Amino acid sequence: MSDQTKATPSSNPTVVDDPYKRLEITRNPNGSLTRNPNRFPNTSATPDPDPTVPVLSKDVTINQTTHTWARVFLPRQKPLDTNKFPLIVYYHAGGFIHCSAASTIFHVFCSNMALELQAIVVSVDYRLAPEHRLPAAYDDAIEALLWIKTTQEEWLTQYANFTTCFVMGSSSGANIAYHAGIRVAEEADGLRPWKIRGLILHQPFFGGSVKVESELRLVNDPVLPPGVGDLMWELALPIGVGRDHEYCNPTTTKGTNLMEKLAAVGWKVLVTGCDGDPLIDRQVELVKSMEEKGVKVVSHFRMGDHHGVDFMQPDKANALFLVLKDFIASATSVTINANVE
């Protein structure tokens with residue numbers, strides 16, 4: 001796969017159709033978006049102790065001013081060997097412009113992950129671009145981590161093992177998890193008594209000013225063609241910022257220097273992906289750059305599939321959960337009692 005990371009000028013043709021129509025958005029004169037409200041339906045939390053529900057969930061406010069909140073997922077069945085669950089802080093996908101923690105695809109994904117890994121999942125709802133361009137989502141991600149440290153939320157104080165915490169995201173959420181992780185790594189001691197053990201970057205969404213081979217090979221990808229990704233970055237990055245800014249491209253000189261913070265703190269990092277994703281070459285290059293900077297990184301790249309497959313097709317997520325189970329166990333040197341077979 002190493003030969004796939006060769007760069008090709010971005011002047012090559014990309015997607016042939018209108019990315020605004022593909023994303024079902026309209027740009028308003030004031031710069032905001034009108035989004036199709038039916039594109040990503042929502043699911044309500046299930047906080048009541050209904051015996052038929054294997055994972056309970058409830059919504060909690062993080063910041064009333066910025067309207068940020070989180071959905072907490074708690075497995076009904078307690079762990080076999082302890083009363084405490086590992087804690088996974090999760091940031092959803094959506095290209096920085098779509099979805100929320102209440103979106104059905106992420107409600108189902110997080111509920112299944114909590115059940116299969118026997119972990120508490122805190123799914124963070126952050127502000128979206130372009131109404132709130134980066135680094136707003138990174139700021140919200142950091143605030144959520146600090147909120148977890150001080151909250152008196154009963155499900156967390158009673159059932160979360162704060163010495164076994166992981167920061168995770170999918171796609172753009174993995175980008176958020178990555179940058180939040182780098183920022184919080186500088187002040188990791190300030191998070192005590194809870195301890196981050198690692199970062200989980202699930203099909204992370206990164207880019208650059210030069211197209212890589214996988215983006216050209218999958219130029220007409222039905223899920224995330226490069227033209228759609230280009231528009232997402234245009235809407236998410238600060239105005240006037242280019243595509244090689246470290247928010248977008250972590251493999252530039254400045255971006256790789258930031259990786260040294262992850263190496264210094266000693267967290268393990270998992271990067272997952274598949275070769276049916278136009279972003280695969282960028283993900284492979286990310287892993288290589290981390291390795292060169294001394295980050296304790298492991299990767300799991302599988303054949304076939306597509307970007308977002310694990311939350312778009314929940315029946316395929318068990319393979320991912322097995323990988324997560326092994327990673328959590330290796331990062332904590334303990335065995336996680338997962339329901340995955």
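The lining of the largest pocket divides into 14 nonpolar, six polar and two charged residues. This is a predicted model. The pocket has a volume of about 320 Å³. Its lining counts 22 residues, and R39, F40, V223, M232 and M312 are the closest to the centre.

Now step back to the whole fold. The protein has eleven helices and twelve strands. Its C-alpha trace spans about 55 × 45 × 40 Å along the principal axes. The radius of gyration is 19 Å. A compact globule of 341 residues would have a value near 20 Å, so the protein agrees with that expectation. Buried residues make up 56% of the 341.

Next, the cysteines. A disulfide is a covalent bond between the sulfur atoms of two cysteines. A search of the whole structure finds zero disulfides. C165 is in none, and the nearest cysteine sulfur, that of C110, is 16 Å away. C165 counts as buried because its relative accessibility is 0%. C248 is also buried, with a relative accessible area of 0%. The closest cysteine sulfur to that of C248 belongs to C274. The two sulfurs are 19 Å apart, so they are too far from each other for a bond. The cut-off for a disulfide is a pair of sulfur atoms within 2.5 Å.

Conventions. Residues numbered from 1 in each chain as written. Predicted model: local features only at pLDDT ≥ 70, side-chain atom pairs only at ≥ 80, totals over all residues. Heavy atoms only, no water. 1 Å grid on protein atoms, 1.4 Å probe; cavity = no way out; pocket = protein on both sides within 12 Å on 5 of 7 lines; lining within 4 Å. Points joined across faces, edges and corners; volume = space filled by probe spheres on them. Nonpolar A, V, L, I, M, F, W, Y, C, P; charged D, E, K, R; others polar. Buried < 20%, exposed > 50% of the residue type's maximum accessible area, 1.4 Å probe, protein only. Helix = DSSP H or I, 4+ residues; strand = E, 2+ residues; numbered from the N terminus. Rg over C-alpha atoms; globule rule 2.2 N^0.38 Å.
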